[in-house]
Amino acid sequence: RRWLWILLTPLIFGGLAFAKDIRAERVYSASTQLLLRTNQSEAFLNTNSGVNTLPERALQNEIRLITSRNVKLAVADAYGKPISVRAAAGGEDDVIVLTASAGSGKLAADQANAYAETYQDVRLETQLEDLNDARDIVQQQVDDFQKQVDALDEALAKLDEQILQTPTDDPRYQTLIDTREQVRSRTDAERTEAQNQLSEYKQRL
């Protein structure tokens, strides 16, 4: 359902921080895995942008977003204070590992999970905004193609109206018939292309 799934399986690693002061406190690390998955909204965006991002590049883009200022501010607001994490590829194209460090394993795990959950909310909100923008663009394209189809239909409709109002024995009648055939032949391919594009964009909506 969501583009980003969080695997809340913190891995706690305890160790003594090396320092000159032998009374230095223990520092624990907790890691949370982020599993990246493409959903319908991302597929929609890629289809309409014509760009397919390579998995490796997509992963690096997500890591940059995770550590961006906007996400850090959102995390600080949600958690009550800033959280420092390290983000790195998890050895696979669709996994990112977030690691937080604190004075206890539980605190480190809480911070790693809080950061991941907030990032998920920020990422989903951003993606929905992008999706709405993409829909607006597609809707504009639908409207443009519909205008093209309507304009082509209108030209033939006007000729049809003139033909109906012209007696068959009127010298202009055959001229109108020939003109309509010429217009129809000239615009058939253009109309078919516009109609196909219109149908395709309507399906994307």
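Select Thr166 to begin. In this predicted model, Thr166 sits in the loop between α4 and α5 (171-204). Is Thr166 buried or exposed? Its relative accessibility is 9%, and because buried means under 20%, Thr166 counts as buried.

A polar atom of the Thr166 side chain lies 2.6 Å from the backbone oxygen of Gln162. Next, show Arg172, Tyr173 and Leu176, with which Thr166 is in contact when its neighbours within four places in sequence are left aside.

From this group, select Arg172 together with Asp170. These two residues form a salt bridge, with 3.2 Å between the closest N and O atoms. Arg172 itself counts as exposed, at 54% relative accessibility, whereas Thr166 counts as buried.

**The chain as a whole**

Now zoom out and colour by secondary structure. Five helices and four strands make up the elements of the chain. Read from the N terminus, their order is β-β-α-α-α-β-β-α-α. The chain has 205 residues, of which 32% are buried. Of the contacts between residues at least 6 apart in sequence, 71% join residues at least 24 apart.

In soluble globular proteins, nonpolar side chains tend to be buried together. To view the largest nonpolar core here, select Leu34, Ile66, Ile96, Leu98 and Tyr115, the residues with the most contacts inside this set of 18. At least two residues of this core come from each of β2 (26-36), α2 (55-66), α3 (69-79), β4 (95-102) and α4 (105-165). Which element gives the most? The answer is α4, with six residues.

Then select Val138, Val142, Val149 and Leu198. They are among the six residues of a second, separate core.

**Salt bridges**

How many salt bridges does a search of the whole structure find? There are six, among them the one between Asp170 and Arg172 already visited.

For another, select Glu62 and Arg123, whose side chains meet in a salt bridge at 3.3 Å, N to O. Glu62 belongs to helix α2 and Arg123 to helix α4, so this pair ties together parts 61 residues apart in sequence. Both partners are on the buried side of the cut-off: Glu62 has a relative accessibility of 7%, and Arg123 has a relative accessible area of 13%.

Move along α4 to Glu154 and Lys158. Their closest N and O atoms are 3.6 Å apart, and the two residues form a salt bridge. This pair lies within helix α4, where being four residues apart separates Glu154 and Lys158 by about one helical turn. Glu154 is partly exposed, with a relative accessible area of 45%.

**A last stop in strand β2**

Finally, select Ser29, which is found in strand β2. Ser29 counts as buried, at 16% relative accessibility. What distance separates the C-alpha atoms of Ser29 and Gly103? Although these residues are 74 residues apart along the chain, their C-alpha atoms are separated by 8.7 Å.

Methods. Residues numbered from 1 in each chain as written. Predicted model: local features only at pLDDT ≥ 70, side-chain atom pairs only at ≥ 80, totals over all residues. Heavy atoms only, no water. Buried < 20%, exposed > 50% of the residue type's maximum accessible area, 1.4 Å probe, protein only. Contact = heavy atoms within 4.5 Å. Core = buried A, V, L, I, M, F, W, Y, C linked by side-chain atoms within 4.5 Å. Polar contact = N/O pair within 3.5 Å; in protein donor to acceptor, adjacent residues only side chain to side chain. Salt bridge = Lys/Arg side-chain N within 4 Å of Asp/Glu carboxyl O.
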